[in-house]
Amino acid sequence: MSGIALTLSISNIYAQSYEWISSTEGNTWQQAKIKLQTKAAQAPVLDIDGSEDGTTFKAWGTCFNELGWDALNMLPRTQQETILRQLFSPEGDLKFNMGRFSMNANDYARDWYSCDEVSGDFQLKHFNINRDKTTLIPFIKAAQQYNPNMTFWTSPWSPPSWMKINHYYSVRSDRNQNQMSPLSDVALFENNTEKRDGVFPHQLAVNDYFIQDPRYLQTYANYFCKFIDAYKEQGIPVSMVMFQNESWSYTNYPGCAWTPEGIICFNVEYLAPTLKKRHPEVKVYLGTINTNRYDIIDQVLSDPRMPETIQGVGFQWEGGQILPRLRAKYPQYKYVQTESECGWGSFDWKAAEHTFGLMNHYLGNGCEEYTFWNAILYDGGFSGWGWKQNALIHVDSKAGTATYTPEYYAVKHYSHYITPGSKILSYKAGKDDKTPVMIVMTPQKKQVVIAGNFNGEAKEVTVKLGNRYLCVTLQAHSLNTFVEK
């Protein structure tokens with residue numbers, strides 16, 4: 001048996017016994033008790049002595065999407081209420097206290113729309129959220145019934161099509177998934193043929209797909225404000241915005257490519273000052289960053305006007321790879337994770353392990369908030385543009401039944417115990433030996449240890465807390481949480 005030492009050090013005031021919650025495929029949320037030891041045979045992989053401060057964690061959340069609302073409504077009312085309670089209630093399983101929603105359509109909308117598709121409407125006289133009132137807003141209000149103190153943030157996937165250089169909601173053509181003319185694709189790269197292996201995207205867009213004209217840019221900043229106003233009237237306050245979802249995904253679904261110069265211009269000269277004037281309570285974060293091209297993001301953040309423009313930075317997908325390096329160079333910002341990776345509609349144990357490792361990475365590297373993508377989907381998890389994705393809860397539309405997926409339990413191992421105000425004291429990445437580990441202190445001064453074993457064999461784990469040790473053997477392919485009694 002391969003041995004790994006996981007040492008949790010606690011002072012003498014801490015309890016000497018822990019509750020051990022373990023999940024394996026087909027056998028989730030098994031509970032037992034374990035006592036600390038005075039000696040350990042193995043060296044610790046983490047060592048804390050009580051002097052650590054750590055990042056204060058603030059929020060777990062999910063994105064409210066139209067197809068998720070459809071999935072929820074395929075179930076009997078009593079089951080809908082149970083799911084909403086488990087997701088959003090402070091006494092539920094996952095305790096989500098934050099929500100994200102899209103400004104205009106995203107790839108999990110039923111189809112394409114925006115809040116103002118009247119070309120040339122620079123006064124935004126035709127702006128409305130009428131469609132959202134039938135889908136996203138009822139979904140959000142259903143969640144608010146179980147947690148009225150939820151916070152919310154938003155970002156667009158695509159501006160209104162008339163504000164873009166290709167006058168279309170997507171970035172690139174796809175004969176199977178949209179009706180965009182292939183001739184429009186020339187705008188993406190023009191004559192740029194430079195490609196780089198090992199990075200995403202391997203070829204960068206050379207044009208901003210948003211029209212870089214002051215009248216359009218100011219109208220778009222005003223559009224953000226109109227959207228915030230409209231949702232506030234519905235009792236849904238927005239506390240944070242990001243200028244664009246995944247500027248570096250050149251999508252066949254709603255999207256918008258931006259260059260570093262365009263990003264700086266819009267955020268510094270239009271979005272931030274307009275929000276400061278009309279909505280000073282709303283924070284501007286740079287995001288969502290889904291590229292591992294460090295030089296590109298560094299170019300944006302190194303602009304001397306940025307510290308007066310943004311309060312934080314948001315990462316998802318490949319962007320998480322450069323999070324540690326950027327946080328080290330720019331410690332003045334807050335950091336958040338903006339969208340957990342969604343897989344390929346497998347709804348399996350491998351997806352659970354992947355998400356478990358992502359939470360370890362983002363929280364361990366200083367992210368104060370963590371947002372999941374779809375909490376609930378039906379059948380194959382297909383988007384309106386043909387991409388199969390995972391969700392925490394899977395609905396069978398024919399049977400009208402719901403299944404809590406392995407990924408749901410992966411999330412519960414963290415969010416059920418790491419509540420707002422918890423301190424992330426120490427972590428070990430699981431990349432090489434497939435055993436991620438994290439130590440957390442809750443607001444109630446209870447120690448929580450989270451550890452996964454993604455190997456095909458059991459692993460011995462030893463953990464030191466002050467002068468005591470937690471010594472366990474983690475089952476193969478298991479997710480584990482240890483909670484101080």
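How much of residues 59–167 is helix and how much is strand, and how far apart are the end C-alpha atoms? That span comes out at 26% helix and 17% strand, with its end C-alpha atoms 37 Å apart (helices, H or I, of at least four residues and strands, E, of at least two are DSSP runs, numbered from the N terminus). Everything here is a predicted model, where local features need pLDDT of at least 70, side-chain atom pairs count only at pLDDT 80 or more, and totals for chains, interfaces and linings use all residues. Residues are numbered from 1 along each chain as its sequence is written, and side-chain values use heavy atoms, leaving out hydrogens and water.

**View 1. F101 meets Y231 in a ring pair.** The centres are 4.4 Å apart and the planes sit at 15°, so this one is stacked (centres within 6.5 Å make a pair; planes under 30 degrees apart are stacked, over 60 edge-to-face, the rest tilted; for Trp, the six-membered ring is used). F101 is in strand β6 (residues 98–103) and Y231 in helix α5, so the pair links parts 130 residues apart in sequence. F101 is buried at 0% relative accessible area (buried is under 20%, exposed over 50%, partly exposed in between; 1.4 Å probe, protein chains only).

**View 2. W344 pairs with W387.** Here the centres are 5.4 Å apart and the planes at 45°, so the pair is tilted. W344 is exposed, at 64%.

**View 3. R325 puts its charged end over the ring of Y294.** The distance to the ring centre is 3.6 Å (the rule: NZ of Lys or CZ of Arg within 6 Å of the centre and within 35 degrees of the ring normal). K412 does likewise over W29, at 4.2 Å.
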